[in-house]
Amino acid sequence: MGKLIIDGGNRIGGEVRVGGAKNSVLPILAATVLNGGINVVHDIPKLLDVDIMEKILTALGCSVKRENGTIVVDSKDLTEHEIPEELVRQMRSSIIFLGAMLSRFGKVKVSYPGGCEIGPRPIDLHLKSLREMGAKIEEKHGFLNCEATKLRGCDIQLDFPSVGATENIMLAGVFAEGTTIIRNAAREPEIIDLENFLNAMGARVSGAGTATIRVEGVEKLYDVEHNIIPDRIVASTYLVATAITKGEIVLKNVIHEHLQSILYKLRESGCIIQTYNHSLKLIAPKKIKAIESIRTLPYPGYPTDMQAQMMTLMTLSDGITIITENIFENRYKHANELVRMGANIKVDGRIAVVKGVPKLSGATVMAHDLRGGAALILAGLAAEGSTIIENIKHIERGYENIDGILSLLGAKIKKM
Ligand code: UD1
């Protein structure tokens, strides 16, 4: 189990380029099974989750080559239809292969993904929608056996704009007979990236980024080359690292529109933010102002994936912040760890009340999940003394070389 050791109190400053978005890469890599051809994808971050996707693709019979942030997947010889159980256990998002494999292969077997660190995370919306498209799905002995000779396009109304379910249906619709319509679809930027990737290989998808997506089934797809969009959550995490250490940073390779809800909150906390073409500059205030209320919502609302990091920032504010977590239950495990570092936080169900304190102090804390782990790094950067973060494998699932990058930006951080 790796650890990070941080000596707090150093300003974050300088310039950093933001890499490709994990949440775009995962569905796009699943989509590479569709064309039975060559897929070249650039700006692939070095992450544990990407390693797992690579292993799944290889297990399915694809040939995969990865070098310097570019991955080449040849899915011509896809022969297997079973996703190895141990890989599904390591990454819940592997459920995204359901739609892609049903579309290309007509069958797929995957173990039922259990709960995870941030709550039970059901997949009922995925299964219901695929069944509406004609898939036969048997849930037996902890496995999902799915089959469909030919999927049919249909009109699907999602009860909740689930990101994963929207992506799974898009992938399933690519070769389906007729048109698939997804209503109350998720509107995240990563859904638009998936639409662009699919269309570049010859699919006919429209409406991504709005609440209604249409997928017209096609007969054939082609080879494709694609660049992944920058990671809005990684970008935002570096912005908070700068804000909490009273620093100044320039981020390169960002899409401002994707960051709007977060920039809005950072400005409310007193940060000065200047935006340029594909970059932005943040100058931290002398004292962080309390943001009255932070409510996580589906995009374009404030993202649940930035709830933990903003909570850390608010622990050092000049007042009281009320956070409401509307997307995942049980996503406050970082709060207890922050309290160990001197924060004043009370959690009651989906609500957390954060009262700013003058300082945090270094302690040994545990990362329970990806974003919560990142929040602890941010706390460590600002805390007095030394912080040890245990169980950093969660953080490595979503942040490429975070210790190396923060070191270059002025932090005293090392991995053990
Ligand atoms: C994706 C992101 C994750 C982010 C989340 C919400 C990826 C790889 N992961 O996860 O980083 O935190 O969106 O922005 O893109 N739900 C159901 N039934 C379902 C599916 C979802 O009830 O069948 C519920 C979930 O329990 C959760 C909510 O819907 O409460 C949102 O989940 P969803 O949007 O599906 O998140 P993921 O796609 O898993």
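User: Which atom of the ligand does a polar side-chain atom of Asp-305 lie by, and at what distance?

Analyst: Happy to start there. A polar contact is a pair of N or O atoms within 3.5 Å. In this predicted model, a polar side-chain atom of Asp-305 lies 2.6 Å from an oxygen atom of the ligand. Backbone atoms take part too: an N or O atom of the Gly-164 backbone is 2.8 Å from a ligand oxygen, and one from the Pro-122 backbone is 3.4 Å from a ligand oxygen.

User: How much of the ligand does the protein bury?

Analyst: Taken alone, the ligand exposes 740 Å², and the protein buries 83% of that.

User: Which elements give two or more residues to the shell around the ligand?

Analyst: Those are helix H5 (124-132) and helix H6 (163-173). The most comes from H5, with 3 residues. In total, 17 residues surround the ligand, and Asp-124, Leu-125, Ser-162, Asp-305 and Ile-327 are the closest.

User: What classes of residue does the shell have?

Analyst: The shell has 7 nonpolar, 6 polar and 4 charged residues.

User: Why does the ligand lie between domain 1 and domain 2?

Analyst: Both domain 1 (3-19 + 230-415) and domain 2 (22-227) give residues to the shell, so the ligand lies between them.

User: Now a sheet. What is the order of the strands in the open sheet of 4 strands?

Analyst: The order is E17-E18-E20-E19, with mixed pairing. Strand E17 (293-295) and strand E19 (344-348) are the edge strands, each pairing on one side only. From one strand to the next, the twist averages 15°. E17 and strand E18 (residues 320-324) run parallel, joined by 3 bridges. For Ser-293, the bridge partner in E18 is Ile-322.

Technical notes: Residues numbered from 1 in each chain as written. Predicted model: local features only at pLDDT ≥ 70, side-chain atom pairs only at ≥ 80, totals over all residues. Heavy atoms only, no water. Pairing = 2+ DSSP bridges. Axes fitted to C-alpha atoms, helices over the stretch in contact; angles between N-to-C directions. Near = heavy atom within 4 Å. Polar contact = N/O pair within 3.5 Å; in protein donor to acceptor, adjacent residues only side chain to side chain. Areas by Shrake-Rupley, 256 points an atom, 1.4 Å probe, with all protein chains shown as cover. Nonpolar A, V, L, I, M, F, W, Y, C, P; charged D, E, K, R; others polar. Domains from an automatic or database assignment.
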